[in-house]
Amino acid sequence: MAREFGALLAREGIGLVYGGGHVGMMGHLADAALSAGGRVVGVIPQHLMRPEVAHQRLDELIVVDSMHTRKRTMAERSDAFVVLPGGFGTFDEMFEMVTWAQLRLHAKPVGMLNCLGYFDQLLAFLRHAAKEEFLRPQHRNLLLIETDATALLQRILRHPPSGTTDAGDLSRT
């Protein structure tokens with residue numbers, strides 16, 4: 001799914017800003033986008049710059065001082081965010097971007113590619129949090145969820161652009 005999404009971005013002429021790694025899902029995503037002719041920008045903290053972790057064939061590799069700076073830089077350089085299956089780092093970045101949207105620090109779409117049901121249990125927990133009234137109804141749709149890469153990209157592209165008067169109403173999507 002990561003390779004499919006990377007190639008899709010490149011075919012659609014959409015650049016990729018990501019964590020700068022060459023391993024795992026990040027590596028597959030970047031390699032597919034590059035192979036399909038896409039522009040790929042990596043943002044990686046200095047402590048992860050070891051050659052076996054940092055991708056060496058990107059269009060641009062931005063080396064930053066910390067994980068916090070990495071997230072801020074990726075957020076500033078991106079028009080949207082997409083979550084693929086991953087671990088704690090993925091969850092951290094996803095929840096931070098959704099929280100920033102909730103707080104109206106940005107009005108960029110946050111999409112989740114729920115590959116083979118990977119996020120089903122997390123989504124069940126989020127429904128539970130909403131039922132227990134820890135998540136407000138108007139914030140339920142801050143996370144655009146799809147199981148198909150093309151469908152997710154289309155939802156993201158339909159999202160109101162940042163800075164428009166209706167971009168603040170993120171519950172519309």
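Visitor: What should I know about the model before I start?

Guide: This is a predicted model, in which local features need pLDDT of at least 70 and side-chain atom pairs count only at pLDDT 80 or more, while totals for chains, interfaces and linings use all residues. Residues are numbered from 1 along each chain as its sequence is written, and side-chain values use heavy atoms, with hydrogens and water left out.

Visitor: What volume does the largest pocket have, and which residues lie nearest its centre?

Guide: On a 1 Å grid over the protein atoms alone, a pocket is an open set of points with protein on both sides within 12 Å along at least five of seven lines, whereas a cavity is a set where a 1.4 Å probe fits but cannot get out; lining residues have an atom within 4 Å of a point. Grid points are joined across faces, edges and corners, and a volume is the space filled by probe spheres set on the points. Here the largest pocket has a volume of about 1200 Å³, and among its 45 lining residues Val17, Tyr18, Ala80, Phe81 and Val82 lie nearest the centre.

Visitor: Which element gives the most to the lining of the largest pocket, and how do its residues divide by class?

Guide: Helices (H or I, at least four residues) and strands (E, at least two) are DSSP runs, numbered from the N terminus. Helix 4 gives the most to this lining, with seven residues, and the elements that supply at least two residues each include helix 1 (2–11), strand 1 (16–18) and helix 4 (88–102). For the classes, Ala, Val, Leu, Ile, Met, Phe, Trp, Tyr, Cys and Pro count as nonpolar, Asp, Glu, Lys and Arg as charged, and the others, Gly among them, as polar. By that division the lining of the largest pocket has 29 nonpolar, nine polar and seven charged residues.

Visitor: How many residues line the second largest pocket, and which lie nearest its centre?

Guide: The second largest pocket has a volume of about 400 Å³ and is lined by 19 residues, of which Leu126, Leu135, His139, Arg140 and Leu143 lie nearest its centre. Two or more residues of this lining come from each of helix 4, helix 5 (120–131) and strand 6 (143–146), and helix 4 gives the most, with five residues. The lining of the second largest pocket has 11 nonpolar, five polar and three charged residues.

Visitor: How many aromatic pairs does a search of the whole structure find?

Guide: A pair of aromatic rings is described by the distance of the centres and the angle of the planes. Rings of Phe, Tyr and Trp (its six-membered ring) pair if their centres lie within 6.5 Å, and planes under 30 degrees apart count as stacked, over 60 as edge-to-face and the rest as tilted. The search of the whole structure finds one aromatic pair, formed by tyrosine 118 and phenylalanine 119, which is edge-to-face at 4.9 Å centre to centre with 85° between the planes.

Visitor: Is phenylalanine 119 buried or exposed?

Guide: Buried means under 20% relative accessible area, exposed means over 50%, and partly exposed lies in between (1.4 Å probe, protein chains only). Phenylalanine 119 is buried because its relative accessible area is 1%, whereas tyrosine 118 is partly exposed at 43%.

Visitor: Which residues of helix 6 are buried, and where do they fall around the helix?

Guide: The buried residues of helix 6 are Ala149, Leu152, Leu153, Arg155 and Ile156. Seen down the axis of helix 6, they fall within an arc of 160°, so they line one face of the helix; the arc is that of the directions from the helix axis to the C-beta atoms. Contact means heavy atoms within 4.5 Å, and what covers these buried residues includes helix 1, strand 4, strand 5 (110–113) and strand 6.

Visitor: Where is phenylalanine 5 placed, and which residues is it in contact with, leaving aside neighbours within four places in sequence?

Guide: Phenylalanine 5 is in helix 1 and is buried, with a relative accessible area of 3%. Leaving aside its neighbours within four places in sequence, phenylalanine 5 is in contact with Leu29, Val82, Leu113 and Ala149.

Visitor: Which value of phi does leucine 116 have?

Guide: Leucine 116 has a positive phi of about 50° although it is not a glycine; it lies in the loop between strand 5 and helix 5 and counts as exposed at 85% relative accessibility.
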